[in-house]
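Hello,

Here is the structure I said I would pass on. My notes on it follow below.

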Amino acid sequence: MKLNKKIRLLIAADGSAGSGKTTASKLIAKKYGLKFLSSGLLYRFVAYKLLTSKNVKSKNLFLKKITKKISSKDLKNKYLFSPKVTKYTSKIAKIKKIRNLLKNYQKKFAKKKLVIIEGRDIGTVIIPKADIKLFFKCPLDVTALRRFKEYRKINKKISFSDVKKAIRLRNSIDTKRKFSPLRVAKGAVVFDTSKVNKKQMLIQLSKIVDDKLKEKYAGSI
Ligand code: C5P
């Protein structure tokens, strides 16, 4: 679906780990031709660089340097999703300095005309004036089972309880941290992904988007 050139649409999608926000955001992005950013990749990238760089003299300078020019290639690194990096990411995402350094990238991305950004603080901190704010949730057991099935394909030794424990810990850190904790943004639509399949999800989310477009551009496009 190609939106009229005059349209500007900004969507913020937040939610806990494994809540389905990435899948949902990608579906919306594809349908409406929006630019998509998974902001978690930025935090994962910083965690990865901190874990793999040796002989860093000044951590501050190093952080400034690596966050200044993040390329799309940097964010495609498959190691960003390794269990070690994933675990470390929620630790470094608590740090205000790191969050501030990554703000520029996200704010710049949000300047594009048609955008959807997903993460934890998109509707609350990064783009509080988004046209649509979505908050995805899903019960821990359902999330853990989804992830367990994915991980099992690459690691036969992994157990369901370990996967569940890791997700619970990550969500707890993200929700309890002092700066930019995971919260439902003011005016956000809360969407439970455990009750729908992908097709139903897209139908329901499309209704939210179409209604917003009608409201915002009624009669003018
Ligand atoms: O979304 P994803 O699971 O890739 O995010 C990885 C981690 O990055 C989260 O657990 C969270 O600690 C951090 N994050 C964040 N703020 C965002 C996006 C991700 O703190 N906007």
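Lys112 sits over the face of Phe109, at 5.0 Å from the ring centre. Please keep in mind that this is a predicted model.

On ring pairs: the structure holds 2 aromatic pairs. One of them is formed by Phe136 and Phe191, with 5.7 Å centre to centre and 55° between the planes, and is tilted. This pair links distant parts of the chain, since Phe136 belongs to strand S4 (residues 132-137) and Phe191 to strand S5 (residues 189-192), 55 residues apart. Phe136 has 0% relative accessibility and therefore counts as buried. Phe191 is buried too, with a relative accessible area of 6%.

Phe148 and Phe160 form an aromatic pair that is edge-to-face, at 5.9 Å centre to centre and with 85° between the planes. Here the link runs between helix H7 (residues 140-154), which holds Phe148, and helix H8 (residues 160-176), which holds Phe160; the two residues are 12 residues apart. Phe148 counts as buried because its relative accessibility is 16%, under the 20% cut-off. Phe160, at 29% relative accessibility, counts as partly exposed.

The remaining item is Ser90, which is placed in helix H4 (residues 83-92). Its relative accessibility is 5%, so Ser90 counts as buried. A polar atom of the Ser90 side chain lies 3.3 Å from the backbone oxygen of Lys87. Leaving aside neighbours within four places in sequence, Ser90 is in contact with Arg170, Ile173 and Asp174.

Regards

Key:
Residues numbered from 1 in each chain as written. Predicted model: local features only at pLDDT ≥ 70, side-chain atom pairs only at ≥ 80, totals over all residues. Heavy atoms only, no water. Helix = DSSP H or I, 4+ residues; strand = E, 2+ residues; numbered from the N terminus. Buried < 20%, exposed > 50% of the residue type's maximum accessible area, 1.4 Å probe, protein only. Polar contact = N/O pair within 3.5 Å; in protein donor to acceptor, adjacent residues only side chain to side chain. Contact = heavy atoms within 4.5 Å. Phe/Tyr/Trp six-rings, centres within 6.5 Å; stacked < 30°, edge-to-face > 60°. Lys NZ or Arg CZ within 6 Å of the ring centre and 35° of its normal.
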